[in-house]
Amino acid sequence: MQNQVESLSLMPREKLLRFGAPALTDEELLAIFLRTGIKGCSVMQLSRHVLQHFYSLRGLMSATQTEFCQLKGLGITQFIQLQACTEMSKRYLQEELKLTQAFKNSENVRFYLQATLENKEREIFQVLFLDNQHCLIKQEEMFLGTINCTTIHPREIIKSALFCNAAALILAHNHPSGNPEPSASDKMVTTKIQAAAELVEIRILDHFVIGKGCYYSFAENRLL
């Protein structure tokens with residue numbers, strides 16, 4: 001109880017140092033990023049206004065340069081900094097997948113795939129190639145589609161897997177519509193890839209469908 005009272009009285013920077021970053025609200029995290037407010041508006045007020053405008057941190061981080069910079073208090077410098085922070089997060093997650101067993105930490109896999117795929121305007125089919133320890137060997141964007149259609153060739157996936165000596169694969173693609181529910185064709189192509197992979201003793205660990213702020217896992221839903 002005392003810690004809760006103390007945290008309420010601390011400014012975001014002091015609160016982070018005392019209790020760690022997870023203890024901060026979205027407004028407080030954004031306030032640290034913004035650093036200062038504008039005339040007649042404190043940094044916390046500005047942070048609150050920005051989040052209300054974009055609805056969430058995800059909305060802010062997926063905003064275009066034009067959308068971002070048209071809001072008073074935000075400019076090109078902050079946009080560049082935010083893009084750099086976002087890219088650093090993606091690279092950190094990618095490095096984690098190379099150093100840890102991806103299948104045992106599926107949350108990191110999901111975070112990485114959501115960070116890389118959820119804001120794409122075209123459908124992208126991505127494959128994570130894993131070694132015997134299920135650590136990442138490489139990732140590859142295998143197929144690009146229109147806004148709602150991608151042609152998948154299982155033989156190309158297996159060829160790449162054999163070339164890098166992968167023992168397991170994680171499949172992923174995005175739905176630009178935002179709804180991650182797999183279509184009949186998504187299920188069919190997953191079955192075809194799995195059948196092809198089994199012939200060369202490669203496991204398909206999961207197939208993630210990434211929507212807007214949400215996802216669907218074939219493994220979690222017992223479709224693999």
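User: Which residues form the nonpolar patch on the surface with about 310 Å² of accessible area together?

Analyst: In this predicted model, one member of the patch, L199, has its place in helix 10. The accessible area of the patch members together comes to about 310 Å². The nonpolar patch is formed by L162, L199 and V200.

User: Is L199 buried or exposed?

Analyst: The relative accessible area of L199 is 74%. The cut-off for exposed is over 50%, so L199 counts as exposed.

User: Through which helix does the chain cross from strand 3 to strand 4, and what is the hand of this crossover?

Analyst: Strand 3 (residues 168–174) and strand 4 run parallel and are joined by seven bridges. Between them the chain passes through residues 184–199, a β-α-β arrangement. The connecting element is helix 10, and the crossover is right-handed.

User: Which residue of strand 5 stands opposite F208?

Analyst: F208 lies in strand 4, where A172 stands opposite this residue. Strand 4 is also joined by three bridges to strand 5 (residues 215–217), and these two run antiparallel. In strand 5, the residue opposite F208 is S217.

User: Which residue in the turn between strand 4 and strand 5 has a positive phi?

Analyst: The two strands form a hairpin, with four residues between them. A phi of about 75° is found in the turn, at G213.

User: How many of the eight residues of strand 4 are buried?

Analyst: Strand 4 spans residues 203–210 and is mostly covered. Parallel strand 3 is joined to strand 4 by bridges, and antiparallel strand 5 is joined to strand 4 as well. The number of buried residues in strand 4 is seven.

User: What is the relative accessible area of Q126?

Analyst: Q126 sits in strand 1 (residues 124–130). Beyond residues up to four places away in sequence, Q126 touches Y112, L113, T116, L117, Q139, E140, E141, I170, L171 and A172. Q126 is buried, and its relative accessible area is 1%.

User: Why does L74 count as buried?

Analyst: L74 is in the loop between helix 6 (65–69) and helix 7 (76–99). Leaving aside neighbours within four places in sequence, L74 is in contact with L34, V50, F54, L60, F68 and C69. Buried means under 20% relative accessible area, and L74 counts as buried because its relative accessibility is 9%.

User: How many Å apart in space are L74 and N165, C-alpha to C-alpha?

Analyst: In sequence, L74 and N165 are 91 residues apart. In space, their C-alpha to C-alpha separation is 47 Å.

Notes: Residues numbered from 1 in each chain as written. Predicted model: local features only at pLDDT ≥ 70, side-chain atom pairs only at ≥ 80, totals over all residues. Heavy atoms only, no water. Buried < 20%, exposed > 50% of the residue type's maximum accessible area, 1.4 Å probe, protein only. Pairing = 2+ DSSP bridges. Right-handed = clockwise from strand over helix to strand, strands pointing away. Contact = heavy atoms within 4.5 Å. Patch = residues over 30% accessible without salt bridge, like charges linked within 9 Å, V, L, I, M, F, W, Y side chains within 5 Å. Areas by Shrake-Rupley, 256 points an atom, 1.4 Å probe, with all protein chains shown as cover. Salt bridge = Lys/Arg side-chain N within 4 Å of Asp/Glu carboxyl O.
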